[in-house]
2 protein chains.
Amino acid sequence: MDKIKIGLVGLGTVGSGVFKELYNNDKVEISKIVVKNLNKKRDIKGLENVQISDNVDDIIFDKDIKIVIEVIGGLNPAFDIIKKSIENGKHVVTANKELLAKKGEEIFEIAEKNNKVILYEAAVAGGIPIINPLKTILSNNRLTKVAAILNGTTNYILTKMEQDSADYNEVLADAQKLGYAEVDPTSDVEGYDAAYKIAILSTLAFKKRVSIDKIYREGITNIKAEDIECASDFGYKIKLIALAQIFDESKIDVRVHPMLVKNNKSLAHINFVTNAIMMQGKPIGEIMCSGPGAGEFPTAASVVGDVMTIASEINNTDIILPMMRCTHSVPAEMVDVTETENRYYLSVNAKNKIGVIEALGRAFSQNNISVSNILQKGVQDNDSANIVIITELCKEKDMQKAVSLLKNDSCVNQINSLIRVME
Amino acid sequence: MDKIKIGLVGLGTVGSGVFKELYNNDKVEISKIVVKNLNKKRDIKGLENVQISDNVDDIIFDKDIKIVIEVIGGLNPAFDIIKKSIENGKHVVTANKELLAKKGEEIFEIAEKNNKVILYEAAVAGGIPIINPLKTILSNNRLTKVAAILNGTTNYILTKMEQDSADYNEVLADAQKLGYAEVDPTSDVEGYDAAYKIAILSTLAFKKRVSIDKIYREGITNIKAEDIECASDFGYKIKLIALAQIFDESKIDVRVHPMLVKNNKSLAHINFVTNAIMMQGKPIGEIMCSGPGAGEFPTAASVVGDVMTIASEINNTDIILPMMRCTHSVPAEMVDVTETENRYYLSVNAKNKIGVIEALGRAFSQNNISVSNILQKGVQDNDSANIVIITELCKEKDMQKAVSLLKNDSCVNQINSLIRVME
């Protein structure tokens, strides 16, 4: 039997990994590759036998190509490439989380109209098998919560800050040198990357289309070494958590922000660039998967898994992979973060004078907030003191009011940090 | 569209969970149930509308039934029921690990001959999605190692022994009262259950048929509270580990036995009845999944996932679910445990006299075994001392020789424990 022909768009880290993995495959062959720069030197075995071009039309209009792999990332020109590929009769495998999060509805509609599938295991949590299981073996569960570490860069930075008692900027510079952080780290450290991924995951988990615009997002740039140390005193780690919950089977709360995670939870022990996804629901209970969230080979493993999934059914039937199709077009009813309830870690720098604790206590009690832990480690040289409080569950609105009161209180120099605490 | 009709064989814990989950399902309906005892009282909503019989032929020869769910367990009559169901045109979903481990080759051959599938997500690690991912999205990886906690009963016992510094028999009795251990706990505590499961997993992971008869197996009945305490002093937990490794892409080493697992490994923190599976390979790297290993609802979740996987494709094509079929008929070349290399934890009770450490050291050095840790905590009242040693990597044969030497040494009262240590 002839091998199924594949067009590969993009030959960066992931693309190279995919090419190496599919080289000499029994069932499929990469017959064409499109790159941005034809003159770039590439030392990859087998590449000399493949037609390389800088014009995507060479793949899009090649009738022999049945599957297009898009691994260039970003919105444009990826959107056009995927759209035209589908319209020209190809199935698509992509690792493009930004495109899926922002334009998912459009491209899946085009795919359905053309009876094609778009698979994207590599778009979330690199090598961890999560998209495929959510669509198949887990799909009959009624999931109620997903809590995940989906960004390796920020998890690396937070782990190093903890282990070396180091400041954010120092660790970021190191991470950039080591290639764990981009020169412009905004997408990672401000939580955009994790937001794209949790938009995709929560859409699958709750079977409603979660809008990326409505995901509350806070990055890790304000996390201080002292917060990590203080959280540790209370038995917590600080992690950038992508959280998605559904209430009353309809109201969906999705957000990305740092959280204190209790040491007895598995997510607290996911370190460096590892990703992890915890899911709760019925009837399954609670499960967790962890593994490499990025990297040439783990990501390639997921792309290849998707390619072989399509290849296995491509010749068998007209309606291929019914479970792997997009069936979630109903928009989710999203809850604004101001409507949520959380526990909070609050660090306040106050003047060293009588009445500080009373003022703090008043701000909380006036807003119906109960304190769970409080810690002041003496007084600093400048006659101020850091006081750290962890609250019980309370309303975000009430907490914001309490913080406003404290900001204007004459005892308080400044609010150091306000970080949510995982239940 | 008419609902796809299903026959359910067995209405115990798992069967009840499956019935409750599929009650009022849009796509499928359980139209007949076969039970052992028709007179047993069952208070399950919706059961009154289903035909219940004590004769499996009522399902096997019902032409309207397309899928049979077998959840009675054990070899017989499950083997016959599955065989006849397939021969009469039904797909099968089963949770029967013993049957799959012992008769897998036969029933999969019958299934292929009749163009039917047998799915069994629930047979290994209850609710954790592992069989489906191994067959689909992970199938192109070249896995080299699986290390797993696959038996909830023994993991519960070991966790309780550690937390309460309690003896095996005491904790077993408690576990039996709580329903975490059977009245006859042999299958769990002697490692049979875990062996069935790792036979299934390693067959899928290495794509060769692993014979249950060649799996080395040791249970937890000899683990002492002192071993757990002493392991803890060295920074380890003791877990019943199902281990499968492949060497030189052909030699397969599969075994179930207690192991010391270093605290920095995730498997060390899997407690009570939770199961976990760690996999290593290329290109994926290392991933781990954990979750409920048993129970009415998690297990039902997996059965239902399989049912819906079949239901989604049953009307679409002649060759359904090509990736979910059994394609591993080549027998694995199995390595005997005596040919393996391991690290060891050895606890020896010795007389309190001059020359004991020298005798121990000699037994090791004569057999090319290097010591990594050694611990003696004083002398006991009966003028004997427990000495614990952890070795570097050495040959199982050499270790057995060293133990023989020590057994016959006049300094040694007895060998307390010999437990392997995870690399």
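## Basis of the description

In this predicted model, local features need pLDDT of at least 70 and side-chain atom pairs count only at pLDDT 80 or more, while totals for chains, interfaces and linings use all residues. Residues are numbered from 1 along each chain as its sequence is written, chains are lettered from A and ligands numbered from 1 in the order in which they are written, and side-chain values use heavy atoms, with hydrogens and water left out.

## Relation of the two chains

## Salt bridges

Over all chains the count comes to 40 salt bridges, where a salt bridge is a side-chain nitrogen of Lys or Arg within 4 Å of a carboxyl oxygen of Asp or Glu. In the secondary-structure assignment used here, helices (H or I, at least four residues) and strands (E, at least two) are DSSP runs, numbered from the N terminus.

One of the salt bridges joins the side chains of Lys237(B) and Glu162(B), with an N to O distance of 3.8 Å. Lys237(B) lies in strand 9 (residues 236-247) and Glu162(B) in helix 6 (residues 152-164) of chain B, so this pair ties together parts that are 75 residues apart in sequence. Lys237(B) counts as buried at 17% relative accessibility, whereas Glu162(B), at 27%, counts as partly exposed. Another salt bridge, between Lys377(B) and Asp233(B), has an N to O distance of 2.6 Å. It links distant parts of the chain, 144 residues apart, with Lys377(B) in the loop between strand 15 (371-376) and strand 16 (384-391) and Asp233(B) in helix 10 (residues 225-233) of chain B. Lys377(B) is exposed at 54% relative accessibility, and Asp233(B) is partly exposed at 42%. In chain A, salt bridges that share partners join Lys97(A), Asp193(A) and Lys197(A) into one network.

Within helix 9 (residues 192-206) of chain B, Lys197(B) and Asp193(B) are four residues apart and thus separated by about one helical turn. These two residues form a salt bridge whose closest N and O atoms are 2.7 Å apart, and both are buried.

## Surface patches

Patches are made of residues with over 30% relative accessible area and no salt bridge, like charges being joined within 9 Å and nonpolar side chains (Val, Leu, Ile, Met, Phe, Trp, Tyr) within 5 Å. Accessible areas come from the Shrake-Rupley method with a 1.4 Å probe, and for residues only the protein chains shown count as cover. For charges, Lys and Arg count as positive and Asp and Glu as negative, with His and the chain ends not counted, and the place of a charge is taken as NZ of Lys, CZ of Arg, CG of Asp or CD of Glu.

On the surface of chain A, Asp167(A), Glu170(A), Asp174(A) and Glu226(A) gather in a patch of negative charge. Asp167(A) sits in the loop between helix 6 (152-164) and helix 7 (168-178) and is partly exposed, with a relative accessible area of 41%. A nonpolar surface patch of about 340 Å² is made by Leu178(A), Tyr180(A), Phe272(A) and Val273(A). Tyr180(A) lies in the loop between helix 7 and helix 8 (186-189) of chain A and is partly exposed at 38%.

## Backbone features

Most residues other than glycine have a negative phi, and most peptide bonds are trans. Glu249(A), in the loop between strand 9 (236-247) and strand 10 (251-262) of chain A, has a positive phi of about 55° although it is not a glycine, and this residue is exposed, with a relative accessible area of 72%. Asn115(B) also has a positive phi, near 55°; it lies in the loop between helix 4 (97-113) and strand 6 (118-119) of chain B and is partly exposed at 30% relative accessibility.

Asn76(B) and Pro77(B) are joined by a cis peptide bond with omega of about 10°, and Pro77(B) is found in the loop between strand 4 (65-70) and helix 3 (78-87) of chain B. The peptide bond from Lys282(B) to Pro283(B) is cis as well, with omega near 0°, and Pro283(B) is placed in the loop between strand 11 (274-282) and strand 12 (285-292) of chain B.

Definitions and conventions
Buried means under 20% relative accessible area, exposed over 50%, partly exposed in between (1.4 Å probe, protein chains only).
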